[in-house]
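Here's a quick briefing to read alongside the sequence and the model.

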Amino acid sequence: MSIVPFPPARRRSRHVGEGITRPTLGVLGKLGLSVLGLFGLLPVYWLVATAFMRREDVFSKDRPFFPFNPTLDNFGAFFEDTALLSALGNSVIVSAGTAAVSVLVSGLMAYSLSKFRYRGRNLFMVMFLVGQLVPGVLLLVSLYLMFSAAGLLYTYTAVVLAFTTFTLPLTVFLLKGIIDGLPDEIIEAGKVDGLSNLAILFRIIFPLITPGLVTAGMFAFMRGWSDLLFALTLAGPDKQTLPVGMTSAFIHEGSGDWPALMAASVITSLPLALIFIALQRYFVSGLAAGAVKG
C-alpha cells in the first residue's frame, strides 16, 4: 500500500483583508483618478492664472494659458479698497460667530439626543432631517420677517443665527454619531464623582470628541464664509460679508473686472485653505468617526 502525500498547503497572505482596508489601484484606476484630479484642479488653476494676468491679456483673442507677464496690480486693488477690507472683517466676525454657536448648540443637542431618553426625542431627529432637506432660499423670507419683527435685521446676530440654522442639521448628526460610540460607563463614572450633566459634557465628552467638534466648526465656518444670498439680504449695507462686497465691487451691469475679481477670490480662499491644512488631521478623523458610528 503506497502512501499518497498531501499536496503542500498554499501559503496564505499574512495580511488577510488588507486588500479591503488598503485597496490598491491598477494602471487604469490611477490614470482615471489623475484625469479626474486634473479636471477638478483646472478651474482653480484658471482662477489663479487669471488673477496674475493683465486685463488686456484676459480679454484678448489669444489668451495665454500661463501668465507670462504676471502682475500683482489685481491683488493691490483688493487691499486699496476700504469697503472690501471692511467686508473681510465682517466675514471673520460672522464666520467665527457661526462656528462658535454651531459647535456649542450642536454639541449640547447631540449629547441630549444620544445619551438621554425622553418623549419627543425621535420627533426632534426627524425635524432635523426635514430641515436638511428644505432649500435655504425657501426659508429666507420667513427668517427676514422674523428678524425684522425681533429688531435683529441688519445685525451680526441675524446673520449668525441664519447661518447656524442651516449648519445645525449636519453638525448635530455628525456629533451624535460620534457620541453614540462613547460607552455609557464614562458618563456613569462622572456621575459617581458628583459631576453635573453639563460638567460631564464639557469636562469629559467634549475632550473625547475634539476631532468631531473641529470638523463641525470648520463646516460652519465655511458656510458663513462663502454664503452670498443670506448675507446680501440680512446683513445690511454696513455688515456685508466678502462675497457680497466682491460682487458689488467687481461686477457691474454689462461688464466685470474679472482679473481683480479672481485676485480677490484667491485672497478670500486663502484663510479656508490654511485652516484646512492646519486642521486636516482633525477634519478627516472627525468625518470618519461620525460616518462609522452614526
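**Overall picture**

The protein has 15 helices and two strands; these are DSSP runs numbered from the N terminus, with helices (H or I) needing at least four residues and strands (E) at least two. Bear in mind that this is a predicted model: local features need pLDDT of at least 70, side-chain atom pairs count only at pLDDT 80 or more, and totals for chains, interfaces and linings use all residues. Residues are numbered from 1 along each chain as its sequence is written, and side-chain values use heavy atoms, with hydrogens and water left out.

- Of the 294 residues in the protein, 35% are buried (buried is under 20% relative accessible area, exposed is over 50%, and partly exposed is in between, with a 1.4 Å probe and protein chains only).
- Take the contacts (heavy atoms within 4.5 Å) with a separation of 6 or more: residues 24 or more positions apart account for 71% of them.
- The accessible surface comes to about 18,200 Å², and carbon and sulfur atoms hold 68% of that (Shrake-Rupley method, 1.4 Å probe; for residues, only the protein chains shown count as cover).

**Helix H2**

- H2 covers residues 27-51, so to speak a 25-residue run, and reaches 36 Å from its first C-alpha to its last. That is close to the 36 Å expected at 1.5 Å a residue, where the expected span is 1.5 Å times one less than the number of residues.
- There's a kink of about 35° at Leu41, shortly before the proline Pro43 (the bend is the angle between axes fitted to the seven residues ending at a residue and the seven starting there).
- Ala49, Thr50 and Ala51 are buried in H2, and the buried residues of this helix pack against H3 (55-58), H4 (73-80) and H14 (258-278).

**Nonpolar cores**

- The largest nonpolar core has 19 residues, and those with the most contacts inside it are Ala51, Phe75, Phe78, Leu84, Leu242, Met246 and Phe250. Such a core is a set of buried Ala, Val, Leu, Ile, Met, Phe, Trp, Tyr and Cys residues joined through side-chain atoms within 4.5 Å.
- Two or more residues of this core come from each of H4, H5, H11 (210-226), H13 (242-250) and H14, with H14 giving the most, at seven residues.
- A second, separate core has 17 residues, including Val103, Leu175, Ile179 and Leu201.
- Back to Phe78: leaving aside neighbours within four places in sequence, Phe78 touches Leu84, Leu85, Leu242, Ala264 and Ile267.

**Asp227**

- Asp227 sits in the loop between H11 and H12 (229-234), and counts as buried because its relative accessible area is 9%.
- The Asp227 side chain makes a polar contact with the side chain of Arg223 at 2.8 Å and reaches the backbone nitrogen of Leu229 at 3.5 Å. A polar contact is a pair of N or O atoms within 3.5 Å; within protein, one must be able to donate a hydrogen and the other to accept it, and residues adjacent in sequence count only if both atoms are side-chain atoms.
- Beyond neighbours within four places in sequence, Asp227 is in contact with Phe163, Thr241 and Pro243.

- Tyr154 lies in the loop between H7 (136-150) and H8 (156-180), and has a positive phi of about 65° although it is not a glycine. Most residues other than glycine have a negative phi. At 39% relative accessibility, Tyr154 counts as partly exposed.
- Val105 is found in H5 (residues 82-115) and is partly exposed, at 28% relative accessibility.
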